Amino acid sequence: MPHRTAPVQSVQVYSADMLRVSAGANLGDGVSWHQELDLDDIYMLDAGADRARLSLQPDATGGFHVAEETGIGRPGAPLHLDCALTFMSPDGLTQVVIVMVELDAEDQIAAIYLLSLSVLRPKIEYSLVGIDTDGAREHFARVACVYFTRGTHITMHTGEQRRIETLQAGDRVLTRDDGAQEIHWIGSSTIRAQGAMAPVVIEAGALNNDHDLVVSPDHRLFVYQRKDRIGAGQAEIMVKARHLVNGDTVRVAEGGFVDYFQILFERHHIIYAEGIAAESMLVDPRTRPALPPDMLDKLTEVMPGHARSGQHGVDVQEALLDRPDAIDILRRASSR
């Protein structure tokens, strides 16, 4: 198995045969790779279609393979981001779907998965209006990146609490392990708060925080356990926000639009957002396409240490947190 260079990314995907052509040239066929698709075909999601968890890991060559922790697919199999499809529903709204192709030992197609960036619903006709063979990695980078939302208070090196939208490159932020560190870049985008991009709300008090913290689903939070109550085997752990959702004190905020912000430092750091220790942007093969071209050009020169950033704690697998009181256990474990 290739050496891990980045955290495992888990996404909820449909098998491609769950989204089938209901009218058009490929009648009855499920979504395939880009060369076998036809624009203007009408697709419909199967009634009762369920998504499965696909875990993937970047490898040393910049590609991807199916990770061991996956719920679908063959662990170790190469995984190719084939294209990004744009569908239009009858109400005029568009949905972007990333086509992910799993290969077998002979580099033949073994399976095709669909990662929808918004909600697909059965009994709705979706017209295929765009096939983008160059943009799949950029769209996937948006899912892989970690984001804070507008209004989030970030702790500065002076202890001041500043809203993230007021920060700019050159400002110095307090980090957990390296004191005051200078921001190299801040990115922002406004997107539909649906599906893989719907933010997670961690209500005040859930992790000993004074105010609500709203972050992207895969944003990892740092927790120091004074007692290992969840069986992670280590005091310092990293927990994805979506693994803490209990529908009460931690919930998904779906609907409308959300303003997302990324913070990039010379290295991957743990900073403080609404008092909760949370990670900054990590540049790896998953997230590089989310950076603007000028920053990519400067990445090696300006931030040579970023790729060598150390681990901040063990990533806690979802199985250990698959319980309604997980957030309460972590709050007690981290309390003085």
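Strand β1 contributes the most to the lining of the second largest pocket, giving five residues. The model is a predicted one, where local features need pLDDT of at least 70, side-chain atom pairs count only at pLDDT 80 or more, and totals for chains, interfaces and linings use all residues. Residues are numbered from 1 along each chain as its sequence is written, and side-chain values use heavy atoms, with hydrogens and water left out.

**The second largest pocket**
- This pocket (an open set of points on a 1 Å grid over the protein atoms alone, with protein on both sides within 12 Å along at least five of seven lines) holds about 520 Å³ of space.
- Two elements, β1 (9–15) and β8 (109–116), each give two or more residues to its lining.
- The lining has 23 residues (each with an atom within 4 Å of a point), and Q12, R51, G195, A196 and R242 lie nearest the centre.
- By class, you will find twelve nonpolar, six polar and five charged residues in this lining.

**The cavity**
- One cavity of 30 Å³ or more turns up in a search of the whole structure; a cavity is a set of points where a 1.4 Å probe fits but cannot get out.
- The largest cavity has a volume of about 100 Å³, counted as the space filled by probe spheres set on the points.
- Its lining comprises 13 residues, with A144, V146, D218, E279 and R286 nearest the centre.

**Cysteines**
- The disulfide count is zero, a disulfide being a pair of cysteine sulfur atoms within 2.5 Å.

Definitions and conventions
Helix = DSSP H or I, 4+ residues; strand = E, 2+ residues; numbered from the N terminus. Nonpolar A, V, L, I, M, F, W, Y, C, P; charged D, E, K, R; others polar.
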